[in-house]
Amino acid sequence: MTTERILDLDRERLAALRGRELTASVAAAEGRTMVAEVFADRAALIPLPGMPGVHNAELVASFGADIVVLNLIERAWDGERLDLPGLGTFTSIADLAAYIGRPVGINLEPGDVPEIRRAKPEYAKRLIDMGAAMLCLTANPGTGGSYEGLARVTEELRAGLGDDVALWSGKMHHAGHPERVTVERLTGLVDAGADGVVMPLPGTLPGVTKELAAAAVAAVQDAGAVVMGAIGTSQEGSHANVVPQLALTAKEVGIDAHHFGDSFLPGMCDPEVMYDYSVAIRGRRHTWNRMALGGRGHRRTA
(Lines give C-alpha, C1' and ligand atoms only; values in the text may rest on other atoms or scores of the structure.)
Protein backbone atom coordinates (compact mmCIF):
# COMPACT_ATOMS: atom_id res chain seq x y z
CA MET A 1 0.00 0.00 0.00
CA THR A 2 1.41 3.41 -1.01
CA THR A 3 1.83 5.97 1.75
CA GLU A 4 0.06 9.24 1.01
CA ARG A 5 2.22 12.36 0.95
CA ILE A 6 1.41 14.80 3.72
CA LEU A 7 1.13 17.65 1.23
CA ASP A 8 -1.74 15.84 -0.54
CA LEU A 9 -3.93 15.25 2.53
CA ASP A 10 -7.14 17.21 2.99
CA ARG A 11 -8.00 19.03 6.19
CA GLU A 12 -9.67 16.12 7.98
CA ARG A 13 -7.03 13.50 7.12
CA LEU A 14 -4.28 15.94 7.99
CA ALA A 15 -5.73 16.62 11.43
CA ALA A 16 -6.09 12.87 12.09
CA LEU A 17 -2.48 12.10 11.12
CA ARG A 18 -0.27 10.90 13.98
CA GLY A 19 2.42 8.46 15.06
CA ARG A 20 4.48 6.42 12.64
CA GLU A 21 1.92 7.16 9.91
CA LEU A 22 2.79 10.84 10.22
CA THR A 23 6.51 10.13 9.90
CA ALA A 24 5.94 7.94 6.84
CA SER A 25 3.73 10.61 5.24
CA VAL A 26 6.49 13.21 5.76
CA ALA A 27 9.07 10.90 4.17
CA ALA A 28 6.77 10.35 1.19
CA ALA A 29 6.53 14.11 0.57
CA GLU A 30 10.21 14.22 -0.45
CA GLY A 31 11.34 17.33 1.39
CA ARG A 32 8.14 19.34 1.14
CA THR A 33 6.80 19.38 4.72
CA MET A 34 6.56 22.59 6.74
CA VAL A 35 6.59 22.48 10.55
CA ALA A 36 6.04 25.52 12.79
CA GLU A 37 6.66 25.71 16.52
CA VAL A 38 4.69 28.21 18.63
CA PHE A 39 4.45 29.12 22.28
CA ALA A 40 1.44 27.28 23.67
CA ASP A 41 0.30 30.29 25.68
CA ARG A 42 0.66 33.07 23.12
CA ALA A 43 -1.62 34.71 20.60
CA ALA A 44 0.53 37.38 18.96
CA LEU A 45 -2.42 39.12 17.33
CA ILE A 46 -4.41 39.51 20.57
CA PRO A 47 -3.03 42.66 22.23
CA LEU A 48 -4.87 42.24 25.53
CA PRO A 49 -6.38 39.22 27.33
CA GLY A 50 -10.02 38.69 26.51
CA MET A 51 -9.91 40.47 23.16
CA PRO A 52 -10.90 38.53 20.01
CA GLY A 53 -8.25 37.05 17.73
CA VAL A 54 -6.46 33.88 16.75
CA HIS A 55 -3.91 31.63 18.44
CA ASN A 56 -0.38 31.46 17.01
CA ALA A 57 -1.09 27.86 15.91
CA GLU A 58 -3.88 29.10 13.65
CA LEU A 59 -1.74 31.87 12.22
CA VAL A 60 1.15 29.60 11.17
CA ALA A 61 -1.35 27.10 9.74
CA SER A 62 -2.85 29.86 7.63
CA PHE A 63 0.61 30.63 6.17
CA GLY A 64 1.35 27.04 5.11
CA ALA A 65 2.41 24.94 8.12
CA ASP A 66 1.55 21.24 7.74
CA ILE A 67 2.36 20.38 11.37
CA VAL A 68 2.11 22.63 14.43
CA VAL A 69 4.27 21.99 17.52
CA LEU A 70 3.41 23.55 20.89
CA ASN A 71 6.42 24.73 22.91
CA LEU A 72 6.56 25.57 26.65
CA ILE A 73 3.53 23.38 27.22
CA GLU A 74 3.51 23.92 30.99
CA ARG A 75 2.24 27.47 30.44
CA ALA A 76 -1.00 26.19 28.91
CA TRP A 77 -1.44 22.61 30.16
CA ASP A 78 -2.19 21.59 33.74
CA GLY A 79 -1.82 17.88 32.98
CA GLU A 80 -5.49 17.53 32.08
CA ARG A 81 -6.59 20.56 30.08
CA LEU A 82 -5.09 22.91 27.51
CA ASP A 83 -6.05 26.56 27.93
CA LEU A 84 -5.13 28.40 24.72
CA PRO A 85 -5.67 32.15 24.20
CA GLY A 86 -7.97 32.81 21.29
CA LEU A 87 -9.09 29.18 21.16
CA GLY A 88 -10.36 28.32 24.62
CA THR A 89 -10.04 25.14 26.65
CA PHE A 90 -9.45 21.64 25.27
CA THR A 91 -9.27 18.31 27.08
CA SER A 92 -8.26 16.54 23.87
CA ILE A 93 -5.36 17.43 21.55
CA ALA A 94 -7.18 15.45 18.85
CA ASP A 95 -10.08 17.90 19.15
CA LEU A 96 -7.66 20.82 18.93
CA ALA A 97 -6.14 19.30 15.77
CA ALA A 98 -9.58 18.88 14.22
CA TYR A 99 -10.47 22.47 15.09
CA ILE A 100 -7.39 24.05 13.49
CA GLY A 101 -7.02 21.43 10.74
CA ARG A 102 -3.44 20.38 11.51
CA PRO A 103 -1.70 17.58 13.45
CA VAL A 104 -0.42 18.97 16.76
CA GLY A 105 2.91 17.89 18.27
CA ILE A 106 4.37 18.77 21.66
CA ASN A 107 7.93 19.71 22.69
CA LEU A 108 9.35 17.81 25.67
CA GLU A 109 12.86 18.11 27.07
CA PRO A 110 15.47 16.34 29.17
CA GLY A 111 17.22 18.10 32.00
CA ASP A 112 16.27 20.78 34.48
CA VAL A 113 13.01 22.09 33.08
CA PRO A 114 9.54 22.40 34.64
CA GLU A 115 8.25 18.97 35.64
CA ILE A 116 5.33 18.93 33.25
CA ARG A 117 7.61 19.76 30.27
CA ARG A 118 10.13 17.08 31.16
CA ALA A 119 10.45 14.10 28.81
CA LYS A 120 9.19 11.44 31.20
CA PRO A 121 6.93 8.53 30.30
CA GLU A 122 4.12 9.68 32.63
CA TYR A 123 3.46 13.02 30.93
CA ALA A 124 4.40 11.77 27.49
CA LYS A 125 1.83 8.97 27.70
CA ARG A 126 -0.82 11.40 28.88
CA LEU A 127 -0.15 13.67 25.90
CA ILE A 128 -0.25 10.77 23.44
CA ASP A 129 -3.52 9.54 24.98
CA MET A 130 -4.92 13.06 24.47
CA GLY A 131 -4.09 12.84 20.76
CA ALA A 132 -0.65 14.41 20.34
CA ALA A 133 0.47 13.64 16.78
CA MET A 134 4.16 13.47 17.66
CA LEU A 135 6.56 14.31 20.47
CA CYS A 136 9.55 16.49 19.66
CA LEU A 137 12.31 15.79 22.16
CA THR A 138 14.56 18.83 22.11
CA ALA A 139 16.01 21.56 24.33
CA ASN A 140 15.12 25.24 24.70
CA PRO A 141 17.87 27.89 24.97
CA GLY A 142 19.87 27.78 28.18
CA THR A 143 18.44 24.52 29.47
CA GLY A 144 21.72 22.63 29.03
CA GLY A 145 20.26 19.83 26.93
CA SER A 146 22.85 17.45 25.50
CA TYR A 147 22.79 14.75 22.84
CA GLU A 148 23.55 12.22 25.55
CA GLY A 149 20.52 13.38 27.52
CA LEU A 150 18.32 13.35 24.44
CA ALA A 151 19.38 9.80 23.58
CA ARG A 152 18.61 8.71 27.14
CA VAL A 153 15.07 10.15 27.22
CA THR A 154 14.40 8.93 23.67
CA GLU A 155 15.22 5.39 24.75
CA GLU A 156 13.08 5.74 27.89
CA LEU A 157 10.08 7.07 26.01
CA ARG A 158 10.35 4.50 23.22
CA ALA A 159 10.37 1.73 25.80
CA GLY A 160 7.44 3.29 27.66
CA LEU A 161 5.27 4.33 24.73
CA GLY A 162 5.80 1.56 22.20
CA ASP A 163 6.69 1.53 18.51
CA ASP A 164 3.70 3.37 17.05
CA VAL A 165 4.44 6.79 18.59
CA ALA A 166 6.33 9.40 16.56
CA LEU A 167 9.42 10.49 18.52
CA TRP A 168 11.53 13.16 16.80
CA SER A 169 14.67 13.97 18.75
CA GLY A 170 17.56 16.43 18.49
CA LYS A 171 18.79 19.97 19.04
CA MET A 172 18.10 23.14 17.05
CA HIS A 173 20.99 25.08 18.66
CA HIS A 174 23.39 24.45 21.52
CA ALA A 175 20.74 24.97 24.22
CA GLY A 176 23.43 26.17 26.63
CA HIS A 177 25.48 22.99 26.17
CA PRO A 178 27.95 23.56 23.30
CA GLU A 179 28.93 20.35 21.55
CA ARG A 180 29.63 19.50 17.96
CA VAL A 181 26.91 18.21 15.69
CA THR A 182 28.26 14.92 14.35
CA VAL A 183 26.94 12.06 12.27
CA GLU A 184 27.47 9.69 15.21
CA ARG A 185 25.48 11.84 17.64
CA LEU A 186 22.55 12.08 15.24
CA THR A 187 22.45 8.41 14.28
CA GLY A 188 22.77 7.62 17.99
CA LEU A 189 19.31 9.15 18.43
CA VAL A 190 17.92 6.69 15.87
CA ASP A 191 19.63 3.84 17.70
CA ALA A 192 17.87 5.07 20.86
CA GLY A 193 14.47 4.82 19.18
CA ALA A 194 13.82 8.09 17.33
CA ASP A 195 11.96 7.83 14.02
CA GLY A 196 12.76 11.48 13.32
CA VAL A 197 15.97 13.43 14.02
CA VAL A 198 16.18 17.20 14.48
CA MET A 199 19.27 19.08 13.32
CA PRO A 200 20.15 22.75 12.68
CA LEU A 201 20.05 23.77 9.04
CA PRO A 202 23.35 24.77 7.42
CA GLY A 203 23.53 28.54 7.76
CA THR A 204 21.94 28.65 11.20
CA LEU A 205 24.30 27.10 13.76
CA PRO A 206 28.03 27.90 13.33
CA GLY A 207 29.97 24.88 12.12
CA VAL A 208 27.08 23.02 10.50
CA THR A 209 28.23 22.98 6.89
CA LYS A 210 26.46 21.64 3.83
CA GLU A 211 28.92 18.75 3.69
CA LEU A 212 28.32 17.76 7.31
CA ALA A 213 24.56 18.09 6.92
CA ALA A 214 24.48 15.98 3.74
CA ALA A 215 26.47 13.20 5.39
CA ALA A 216 24.33 13.29 8.53
CA VAL A 217 21.02 13.31 6.65
CA ALA A 218 22.08 10.34 4.51
CA ALA A 219 23.20 8.36 7.56
CA VAL A 220 20.00 9.08 9.52
CA GLN A 221 17.77 8.23 6.55
CA ASP A 222 19.72 5.03 5.90
CA ALA A 223 19.10 4.15 9.57
CA GLY A 224 15.35 4.44 8.94
CA ALA A 225 14.41 7.89 10.26
CA VAL A 226 13.42 11.22 8.73
CA VAL A 227 15.32 14.46 9.33
CA MET A 228 13.79 17.76 10.38
CA GLY A 229 16.02 20.74 9.60
CA ALA A 230 15.49 23.52 12.11
CA ILE A 231 15.68 27.29 11.99
CA GLY A 232 15.84 27.86 15.72
CA THR A 233 18.38 30.67 15.93
CA SER A 234 15.97 33.62 15.56
CA GLN A 235 16.51 33.58 11.78
CA GLU A 236 12.81 32.74 11.60
CA GLY A 237 12.61 36.53 11.82
CA SER A 238 15.32 37.34 9.26
CA HIS A 239 14.76 39.26 6.03
CA ALA A 240 12.70 37.52 3.39
CA ASN A 241 15.64 37.32 0.95
CA VAL A 242 17.62 35.14 3.38
CA VAL A 243 15.29 32.19 3.82
CA PRO A 244 15.19 30.97 0.19
CA GLN A 245 18.95 30.40 0.50
CA LEU A 246 18.37 28.29 3.61
CA ALA A 247 15.50 26.49 1.92
CA LEU A 248 17.38 25.47 -1.21
CA THR A 249 20.39 24.36 0.83
CA ALA A 250 18.04 22.24 2.95
CA LYS A 251 16.68 20.62 -0.21
CA GLU A 252 20.19 20.03 -1.51
CA VAL A 253 21.30 18.16 1.62
CA GLY A 254 18.13 16.04 1.72
CA ILE A 255 16.07 17.44 4.61
CA ASP A 256 12.61 15.83 4.93
CA ALA A 257 10.78 18.40 7.10
CA HIS A 258 11.50 22.10 7.52
CA HIS A 259 11.04 23.58 10.98
CA PHE A 260 10.45 27.22 11.91
CA GLY A 261 11.11 28.33 15.48
CA ASP A 262 9.15 30.72 17.68
CA SER A 263 11.41 33.74 18.15
CA PHE A 264 10.06 36.64 16.10
CA LEU A 265 6.55 37.78 16.88
CA PRO A 266 5.70 36.87 20.48
CA GLY A 267 5.95 33.08 20.46
CA MET A 268 6.13 32.39 16.72
CA CYS A 269 8.06 32.97 13.49
CA ASP A 270 7.52 35.70 10.92
CA PRO A 271 4.67 34.12 8.94
CA GLU A 272 5.59 35.98 5.76
CA VAL A 273 9.14 34.61 5.95
CA MET A 274 7.74 31.11 6.45
CA TYR A 275 5.54 31.63 3.41
CA ASP A 276 8.56 32.58 1.28
CA TYR A 277 10.41 29.50 2.50
CA SER A 278 7.43 27.28 1.68
CA VAL A 279 7.23 28.67 -1.85
CA ALA A 280 10.97 27.98 -2.27
CA ILE A 281 10.73 24.29 -1.30
CA ARG A 282 7.37 23.35 -2.88
CA GLY A 283 6.14 26.18 -5.07
CA ARG A 284 3.00 28.27 -4.92
CA ARG A 285 0.62 25.43 -5.87
CA HIS A 286 1.26 23.32 -2.78
CA THR A 287 1.71 26.37 -0.54
CA TRP A 288 -1.55 28.00 -1.55
CA ASN A 289 -3.39 24.68 -1.38
CA ARG A 290 -2.25 24.22 2.21
CA MET A 291 -3.14 27.83 3.10
CA ALA A 292 -6.62 27.39 1.65
CA LEU A 293 -7.24 24.50 4.05
CA GLY A 294 -7.11 26.89 7.03
CA GLY A 295 -9.93 28.21 9.14
CA ARG A 296 -11.70 26.78 12.16
CA GLY A 297 -13.62 23.54 12.09
CA HIS A 298 -16.37 22.42 14.43
CA ARG A 299 -15.84 21.89 18.14
CA ARG A 300 -17.31 18.88 19.88
CA THR A 301 -19.80 19.73 22.58
CA ALA A 302 -19.17 18.35 26.05
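This is a predicted model: local features need pLDDT of at least 70, side-chain atom pairs count only at pLDDT 80 or more; totals for chains, interfaces and linings use all residues.

A polar contact is a pair of N or O atoms within 3.5 Å.

**Annotated domain**
- An unreviewed UniProt entry lists "domain: DUF7916" for residues 7-293.
- The end C-alpha atoms of residues 7-293 are 11 Å apart.

- Ser92 sits in the loop between β4 (88-90) and α4 (93-100).
- Ser92 has a relative accessible area of 16% and therefore counts as buried, the cut-off being under 20%.
- The side chain of Ser92 lies 3.1 Å from the backbone nitrogen of Asp95.
- A polar atom of the Ser92 side chain is also 3.2 Å from the backbone nitrogen of Ala94.

**Helices α8 and α9**
- Two packed helices are described by the angle between their axes and the distance between the axes.
- The axes of α8 (residues 210-222) and α9 (residues 243-253) come within 9 Å and cross at roughly 45°.
- On the α8 side, the contact involves Lys210, Ala213, Ala214 and Val217; on the α9 side, it involves Thr249, Glu252 and Val253.
- The residues of this contact comprise 4 nonpolar, 1 polar and 2 charged.

Definitions and conventions: Residues are numbered from 1 along each chain as its sequence is written. Side-chain values use heavy atoms; hydrogens and water are left out. Helices (H or I, at least four residues) and strands (E, at least two) are DSSP runs, numbered from the N terminus. Buried means under 20% relative accessible area, exposed over 50%, partly exposed in between (1.4 Å probe, protein chains only). A polar contact is a pair of N or O atoms within 3.5 Å; within protein, one must be able to donate a hydrogen and the other to accept it, and residues adjacent in sequence count only if both atoms are side-chain atoms. UniProt positions are given in the numbering used here, feature names are shortened, and annotations may be inferred rather than shown by experiment. Axes are lines fitted to C-alpha atoms, for helices over the stretch in contact, and angles run from 0 to 180 degrees between N-to-C directions. Contact means heavy atoms within 4.5 Å. Ala, Val, Leu, Ile, Met, Phe, Trp, Tyr, Cys and Pro count as nonpolar, Asp, Glu, Lys and Arg as charged, and the others, Gly among them, as polar.
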